2 protein chains.
Amino acid sequence: MPASTITSRPLRRDAQANRDRIVAAARAAFAANGIDASVEDIARRAGVGMGTLYRRFPAKEHLVDAVFEDTLAEIVAVAEEALAAEDAWAGFRSFLERAFVLHAENRGLKDVLNRSPRRAKAEAARMRLRPLIRRLVERAQAQGSLRADFSPADVPVLFWTIARVIEATSEIAPDFWRRQLGFVLDGLRAGAATPLPHAPLTTAQLDRASGRRP
Amino acid sequence: MPASTITSRPLRRDAQANRDRIVAAARAAFAANGIDASVEDIARRAGVGMGTLYRRFPAKEHLVDAVFEDTLAEIVAVAEEALAAEDAWAGFRSFLERAFVLHAENRGLKDVLNRSPRRAKAEAARMRLRPLIRRLVERAQAQGSLRADFSPADVPVLFWTIARVIEATSEIAPDFWRRQLGFVLDGLRAGAATPLPHAPLTTAQLDRASGRRP
DNA sequence: CACGAAGCGGAGCGCGCGCTCCGCTTCTGG
DNA sequence: CCAGAAGCGGAGCGCGCGCTCCGCTTCGTG
């Protein structure tokens, strides 16, 4: 995987090396400090000046896209693998667990998935994910293991909640989120179901809720 | 309730009126925009200058304390009332529900409860709350309704998670958080219990997790 | 090897934040 | 009623952020 994008002539050798160092530094910074890691910090870690960084990535958002492209693809892959499991409950559960491991490894991931609309790459990933999640849910309900009143639209809500736990505890007890997920999963089994006091979010509501930072 | 604090001579009449308007404006601003509402915005809403505001409240934190004192007391009261219920499960549940209603009504509350250490009033409220929560939990476990492996230290985690849902949805579907709480509560009933993959947080870990903003 | 295109560094801008400073205004007790 | 204590407004400071600009350096091709 030699250069940036396919368009435009290849970069000069030194420029390409700098670009790689910038992406690596950004990956590390975003993983450690979340998406709010400062551009200046990233440039310093990469050993380049601000000008260099901004010629390659005209806005911070481009940098974010470059860094998280792989991770987003990985989430999709995790969902696809989960669909291949014979036991639908195990698949559903493994999708959640593996997706949260990715969150725990990279503090910036939750910001990319939730924050501010028009993050093109993240939007694309969400679109690819949506039908996979629907099938994971419906399959587990058909097998009678997942409660019938659970909705695919509840999955993003699970992400909000567990990501919050990871945010609070990842440096203190990195696996603690598994406990909270345990409580929730116990509440999602068909046998545990009790009538719910509220309907799931509609797709439109979810879209609105996923891009808040007024 | 005439003046600011008992200490020092009473304020001049106009000054006291301004103080009241500042607190009211701050309450509205924090409720609507969270604790990050700007001081300038608060001064504008109150119709006073920055100088006026800062004479009365030498730092934003003092303003926060003044505004949230009542709400914190209310949470404690809610816990005490919940302890008076005969059915321990109903008490536990009603404590959570009423505390989350307060969160939903005031976007700033979660910031006050979680953010940055040494928020004196909030710390005091946490201390008063801790034994009440312990009794709520142990009582419900003794009655056999709450799963035995739930720990009082898991209650703050519930607050993190449901507060996150409220943050995302309060303007879109103000009661939606009740759905997520429903899933979780179903997982907390004794009958739903399945072995958990992680121990609860220790008190020290909770303290460290409750003051993050690096 | 020389020279133009490409790349580079980092000082500095604009913004919004919490907060300060100080010359002017208003209340109130004797 | 009037001095002076108390209160007041808002321009402006320092900070950290994302981002820009431009004079200098380096690459690599003819």
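User: Hi! Which residues come nearest to DNA strand D?

Analyst: Hello! Of the 23 residues around DNA strand D, the nearest are A:S38, A:K60, B:G49, B:G51 and B:T52. Being near a strand here takes a C-beta atom, placed from the backbone, within 6 Å of it. A word on the source: this is a predicted model, in which local features need pLDDT of at least 70 and side-chain atom pairs count only at pLDDT 80 or more, while totals for chains, interfaces and linings use all residues. Residues are numbered from 1 along each chain as its sequence is written, and chains are lettered from A and ligands numbered from 1 in the order in which they are written.

User: Thanks. Which element gives the largest share of that surface near DNA strand D?

Analyst: That is α3(B), with 4 residues. Helices here are DSSP runs of H or I with at least four residues, strands are runs of E with at least two, and both are numbered from the N terminus. At least two residues each come from α1, α2 (39-46) and α3 of chain A, and from α1 and α3 of chain B.

User: Now strand C. Which residues are closest to DNA strand C?

Analyst: A:G49, A:G51, A:T52, B:S38 and B:K60 are the closest of the 23 residues that surround DNA strand C. On this surface the largest share, 4 residues, comes from α3(A). By class, the surface near DNA strand C has 9 nonpolar, 6 polar and 8 charged residues.

User: Switching to the protein pair: how many residues of chain B are in contact with chain A?

Analyst: 34 residues of chain B are in contact with 34 residues of chain A, where contact puts the C-beta atoms, placed from the backbone, within 7 Å. Two or more residues each come from α8 (154-169), α9 (177-188) and α10 (203-209) of chain B. The largest share of the chain B side, 10 residues, belongs to α9(B). By class, that side has 18 nonpolar, 8 polar and 8 charged residues.

User: How do α4 and α7 of chain B cross?

Analyst: Their axes come within 10 Å and cross at roughly 10 degrees; α4 spans residues 60-84 and α7 residues 120-142. Axes are lines fitted to C-alpha atoms, for helices over the stretch in contact, with angles from 0 to 180 degrees between N-to-C directions. So α4(B) is roughly parallel to α7(B), a label for angles under 35 degrees.

User: What classes of residue make that contact of α4(B) with α7(B)?

Analyst: 14 nonpolar, no polar and 6 charged.

User: Last one: how many helices does chain A have?

Analyst: Chain A has 10 helices and 0 strands. Of its 214 residues, 39% count as buried.

Methods: Contact = placed C-beta atoms within 7 Å. Nonpolar A, V, L, I, M, F, W, Y, C, P; charged D, E, K, R; others polar. Parallel < 35°, antiparallel > 145°, perpendicular 65-115°, else oblique. Buried ≥ 20, exposed ≤ 12 C-beta atoms within 10 Å, placed from the backbone.
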